[in-house]
Amino acid sequence: MPKPSLLLPSGILILLWTYTGLDKLIRFGESRNAFRNQTFPVELAEILSYAVPGVELLIALLLLFSVTRWWGYLGSMLLLTVFITYVGLIWVGAFPRFPCNCAGILESLGWAEHFWLNLLFIGVAVYGVTNTQQKSPRTNPEL
């Protein structure tokens with residue numbers, strides 16, 4: 001059984017990814033339109049409208065089980081790094097318009113708040129990945 005101090009970061013990230021992934025699926029039409037309003041090509045937006053909620057829910061699932069939790073933390077760090085980079089670029093005015101495809105309450109945050117919140121979640125993921133041992137596949141010594 002993992003230490004309670006390791007269950008809290010995974011629980012926080014499970015809530016984050018489940019909430020954001022399900023919100024994008026429940027409001028798929030709005031989410032898809034928001035992806036199409038981004039500064040990248042429509043073809044990429046179409047792929048991302050399906051891939052992002054799928055990846056968010058996959059990461060939540062990975063974080064749920066001790067044998068895959070390390071990978072869930074790593075996936076969280078990677079996806080949050082992509083998000084924080086994009087938010088940082090928007091915040092400093094690198095794009096001509098300010099699109100957002102955030103979930104629920106996160107839509108009401110400004111770009112600075114998005115940036116710092118993502119940074120906090122990256123910190124949670126870093127804590128988790130550095131304090132969780134990567135599980136290796138069991139080997140059968142008889143083979």
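**Entry 1: helices H2 and H3**

I looked up the crossing of H2 and H3 and found it right-handed (the near helix is turned clockwise from the far one by less than a right angle). The model is predicted, so local features need pLDDT of at least 70 and side-chain atom pairs pLDDT 80 or more, while totals for chains, interfaces and linings use all residues. Residues are numbered from 1 along each chain as its sequence is written, and side-chain values use heavy atoms, with hydrogens and water left out.

I noted that the axes of H2 and H3 come within 8 Å and cross at roughly 135 degrees. In the contact (heavy atoms within 4.5 Å), H2 contributes Phe-28, Arg-32, Phe-35 and Arg-36. The residues of this contact divide into 6 nonpolar, 1 polar and 3 charged.

I then located Gln-38 in the loop between helix H2 (28-36) and helix H3 (42-64). Is Gln-38 buried or exposed? I recorded Gln-38 as buried because its relative accessibility is 5% (buried means under 20%, exposed over 50%, with a 1.4 Å probe and protein chains only). The side chains of Gln-38 and Tyr-86 are joined by a polar contact of 2.4 Å (a pair of N or O atoms within 3.5 Å, one able to donate a hydrogen and the other to accept it).

**Entry 2: helices H3 and H4**

I found H3 and helix H4 (residues 69-91) packed at an angle of about 145 degrees, their axes 7 Å apart. Their crossing is left-handed (anticlockwise in place of clockwise).

Key. Helices (H or I, at least four residues) and strands (E, at least two) are DSSP runs, numbered from the N terminus. Axes are lines fitted to C-alpha atoms, for helices over the stretch in contact, and angles run from 0 to 180 degrees between N-to-C directions. Ala, Val, Leu, Ile, Met, Phe, Trp, Tyr, Cys and Pro count as nonpolar, Asp, Glu, Lys and Arg as charged, and the others, Gly among them, as polar.
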